[in-house]
Every structure is written in structure tokens, then in C-alpha cells.
Amino acid sequence: MDHDYEVIIIGAGPVGMAMAALLGRFGVHVLVVDRLNAIQTAPRAIALDNEALRILAMCGLVLEDLDLVTIPAVNYRSPFFGRFGRMNTLDSVDTLPPLVTFFQPALEASLAAQAQVSGTVHVLRGARAQVIENSETGALVRVHHLGDGTERDLKARFVVACDGAGSSTRQSLGVDFLGVSYSQDWLIVDALNVPEPVEEITFYCDPARPAPHMPAPGGRQRWEFMLHPGESQEEFMQDAKIKDLLRPWTTFEDITVERKAVYRFHARLADRFQVGSVFLAGDAAHVTPPFAGQGLVSGLRDVANLGWKLKAVLRREVSVGVLTSYTQERKPHAGKMIRLAQFLGELIMPSSRIKAILVHGLAKFIGLLPVVHTVFTDMKVKPQNTFDAGLFLKGGLRGAFAAGAHLPQWWLQTAAGDRKRSDEVFGTHFVCVGINCDPRNFISEDLRQQWQGLGGEFVCLSTPGRASKIAGDWVAEGRDLPKSEVALILRPDRLILASSKATRLEAVVQKAIGLLS
């Protein structure tokens, strides 16, 4: 079947445009369709973590150019016990801050600009897209132009639906969206020119009125207030009510309210993320309550996991069967993040004074235990982005180098003094990394050519302090790498596809190629 586009993306929000930017870097011909005529100017999502920042860099953004606020800590406060929990978010993870806030319209503008760089991404605004035919070999998408009412049908090899929690694409595919909707509404207030600056995020876990408070770029601050049953949205949108709610923090007349909106949070997970040639991503696939700051981050993980697979299938580097691993890998982890957010929600919004005293008191008590304190303070409560099943070879090395885990990002340097992040060195393709060795010395010439036929490359990495004997060798700064000769096979999303001793590399590369074929 001939295709008008290789990929059609439905929805030009941050997940849709991140997917477009990544596919654009790969040279994939993409059409993005969105109902809105322009980027929304009001802030919505606000938090990103180190994983999200890595993915944005993978999509081509220069992180140093983004307007971000690094958050040093997250506090949980009770009216009965004071601060009963604190997460340290100051130390870097993967060479990046583990928690930042951002201004969503600016991020969307940066992603849109990056998507246009390749010349292979086209964005159609003011239009609605509907999948009317879907098979294993492609999809037919009807595009309805909202301005003049005209329609046209376009063929795509793949469709990625990033059309939000109310995804009409998901509904048309008959995919169940399982989970719960919270009964509470929340008022969100974004304000400019707040005289009293804050640096940390604080959750005021008061059963009388839970209220998170956080800083954002441009001198902004955000407050969120839970509505109780019987309280009306209309009342809480009035300036008089907002003035009363903000009284403990600031004077209403001294600030500029940039946005006020009432939302109801959801915790839902699609039964499957793929039907035929159509894929669900972002809120169309999973909706996470905001208490863990993982909503948009989970959508960006979808982008990193799916984007390279679509490109590799389109370029016939791997078999189409590789795409089944998208649901297999992403659905369990997205579910874990939803459950984490629900757990934190129990801390933040206890339903009564008695429950607040019990929950917060227990949290403060067990937080005094060294092991529990470390788990919570160092954010180890967040599920690691590792897979139990998927597109990787089980066995091999353990720990940080185990297959199915994402390789941490390090600073690398050469003897000549060049310094780069490891993601930049490894690039957005398959890489065979030899630690303390040149991996090409352990595989045959024929296998080397097969690997390069997949777009695979080779990188040599040395243990710090060890004399480099390999031309072009990179040294990992301050990392405790294996002292023996080992090898890692990395996917373009920096997941470890396989790991082994260097002497077993020939057999492992053969198995890896077989898995992808």
C-alpha cells in the first residue's frame, strides 16, 4: 500500500510534538494533526525529571536553552506533625537535576521548532483526524479541516495517537481505559509577580484543604486547592475565593493571576497500547494523578520507547514484530507510576483528621528508621525504568549493566580533553560499547558488517585511572565501571539490549541481531 506519510501523529501537545521532533531527527516523513490553531498559551503540566530531560535531549533540544527551575527538595507538611517527609532532589542524576519545573507553552514551542528542523515534519492545525481503516500494513486517516469543513483521506504506515485522556482514537479502537476517577475537583492557580519567592515544592497535607505549592520559571508560582463535596467550581473560580485561599502565602492584590482552572484527576491505564498500525501514547494511553509529577514524563517515556522502533521498522533495519514490545515494556511501568501517584495522593489528601493523624504520624515515625528514611529522601520510592520482559536478552551482567535496564548517563572525556555526556557520544542508534576493550576485536568481520547494517556503531570506554590503549577511547568520569573487559549492546533509547563478558560477544551479538530480525 502506498502511503502519503510514513507516520501521522494525532495531537500536537508536548508528547505529540516530542514524537514528531524525534522522528524528524530520524528523517521520517510525518504529519501532525491538531484541532487547535496555535499552541495553548496557558501553563498546564509543570514538572519534569532527569529521565524526561534525557528524552528531550534525544529529541534534539538543547537543555541549556530551556527555561527551567531546579527544585532542591520536596516537602510534605502536616498540621499535626509539621514536616513528616522530605525528598532530596538537589543532587544530580544522569548528570541532570532529578526534578525541575517548566513553562509548558515555551516547551511546546521549542519542540515545534525542533520538529521543523528536519524538513520532513509537517504540522496541520485547525483540523481533526480520525482513523477510519486500520490493518497490519497501514491505516487510513480522514482529516477534517475545521475552518472550511473540507475532508481528505490520507494513508499512513503508522499512526500515533497523542490526543489526550479523552482520546477519540482510543475509543474508536475499542481499547478499554481501566482505572478510577477521583471524586475531588482541584483548583489550580498560576500567578506571576509573587513578592515572596520560594525554591522548594511543599505539599500542605491538611485534611481541611490539601494544597501543593511550587515555583515555576519566569517568577511564577503555582498553588493547587482541593474542593470538598458540595463546593462549586463557579465559586472557586471567583477572585474573592482565590484571594481567601491565597491569604496564608501572599496578598492577592500584589500578584497577577495568569491562569485559574478546575480539574478532576484520573488514574487510568489503556488495556493495550497498539492496535494494528495505530499506537497510543501519552494521556491517550495512561493518565497519572499529579502527585508524583510523572504525567508528562510517562508520555515522554512512550516517545523514547516507540520512536526509534517505528523508524527502524520503516527503514527495514528490524522486523515489524519489534513493535509488539512497546505495550509489553511501557504498560507495566506506566502502571507502576500510577500506583506511586496514588500512594502519594493518600499522603497528600487524607479524607479526615483521624486518617491524617494516623497516616502522617506513621509516616513521620517510620521516616526516622534509617533504611526507610534513605528510600524516601533519595527518591528510591520511584520505580526504576527497568523491564521484566521485552526486547532484550536476559542474562549476562547484573546490577546497573543488566539487560532490560536503562544505562545511566555519565560524563565522558577523551585524553585530548573532549568532554560530552554519554548519551551524546552513543547517539540515537544501536551501539556496542566495549568497557576496557575494543569490541570489534571480539567479533568476526561478517558479524561486524551485519551490526553496522542495523545502523550499529562501536564505542570504547575505559575505567577511570586506567591508561587508555585504544584510539578514540572515552573515559567515564568518577564511575565505578567493571575492571574486566565487558561489552554492552545498547538500543537507541539507551536500554541495555544485552550485556556480557567481552569473550562472549560474538554469540551475544548474533543473538541480538536474531532478536531484532
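Is arginine 301 buried or exposed in this structure? With a relative accessibility of 3%, arginine 301 counts as buried, where buried means under 20% relative accessible area, exposed means over 50%, and partly exposed is anything in between (1.4 Å probe, protein chains only). The model here is predicted, so local features need a pLDDT of at least 70 and side-chain atom pairs count only at pLDDT 80 or more, while totals for chains, interfaces and linings use all residues. Residues are numbered from 1 along each chain as its sequence is written, and side-chain values use heavy atoms, with hydrogens and water left out.

Back to arginine 301, which sits in helix H7. Helices (H or I, at least four residues) and strands (E, at least two) are DSSP runs, numbered from the N terminus. Leaving aside residues up to four places away in sequence, arginine 301 touches Asp49, Glu51, Ile55, Gln294, Arg330, His333, Met337 and Asn385; a contact means heavy atoms within 4.5 Å.

Helix H7 (295-314) also turns up in the second largest pocket, where H7 and helix H2 (50-58) each supply at least two residues of the lining. A pocket is found on a 1 Å grid over the protein atoms alone: it is an open set of points with protein on both sides within 12 Å along at least five of seven lines, and lining residues have an atom within 4 Å of a point. The volume of this pocket is about 780 Å³, a volume being the space filled by probe spheres set on the points, with grid points joined across faces, edges and corners. Its lining has 34 residues, and Asn50, Glu51, Val93, Asp94 and Gln384 lie nearest the centre. H2 gives the largest share of that lining, five residues. Sorted by type, the lining holds 13 nonpolar, nine polar and 12 charged residues. Here Ala, Val, Leu, Ile, Met, Phe, Trp, Tyr, Cys and Pro count as nonpolar, Asp, Glu, Lys and Arg as charged, and the others, Gly among them, as polar.

On to the strands, where two of them pair if DSSP finds at least two bridges between them. E3 is joined to strand E7 (residues 100-102) by two bridges, and alanine 47 stands opposite threonine 101 in E7.

Strand E14 (residues 211-216) has partners too. Three bridges link E14 to strand E13 (residues 201-204) in the antiparallel sense, with tyrosine 204 facing alanine 211 and a hairpin of six residues joining the two strands. E14 also pairs antiparallel with strand E15 (residues 220-226), over four bridges, and glutamine 221 in E15 is the bridge partner of proline 215. The hairpin of E14 and E15 has three residues between the strands, and in it glycine 218 takes a positive phi near 75°.

How much of E14 is covered? Six of its six residues are buried. In a regular strand, side chains alternate between the two faces of the sheet. In E14 both faces are covered, with Ala211, His213 and Pro215 buried on one side and Pro212, Met214 and Ala216 on the other.

Finally, the cysteines. The whole structure has zero disulfides, a disulfide being a pair of cysteine sulfur atoms within 2.5 Å. Cysteine 432 is buried at 1% relative accessible area, and its closest cysteine sulfur, in cysteine 437, is 8.0 Å away, too far for a bond. Cysteine 205 is buried as well, at 0%.

Notes: On a 1 Å grid over the protein atoms alone, a cavity is a set of points where a 1.4 Å probe fits but cannot get out, and a pocket is an open set with protein on both sides within 12 Å along at least five of seven lines; lining residues have an atom within 4 Å of a point.
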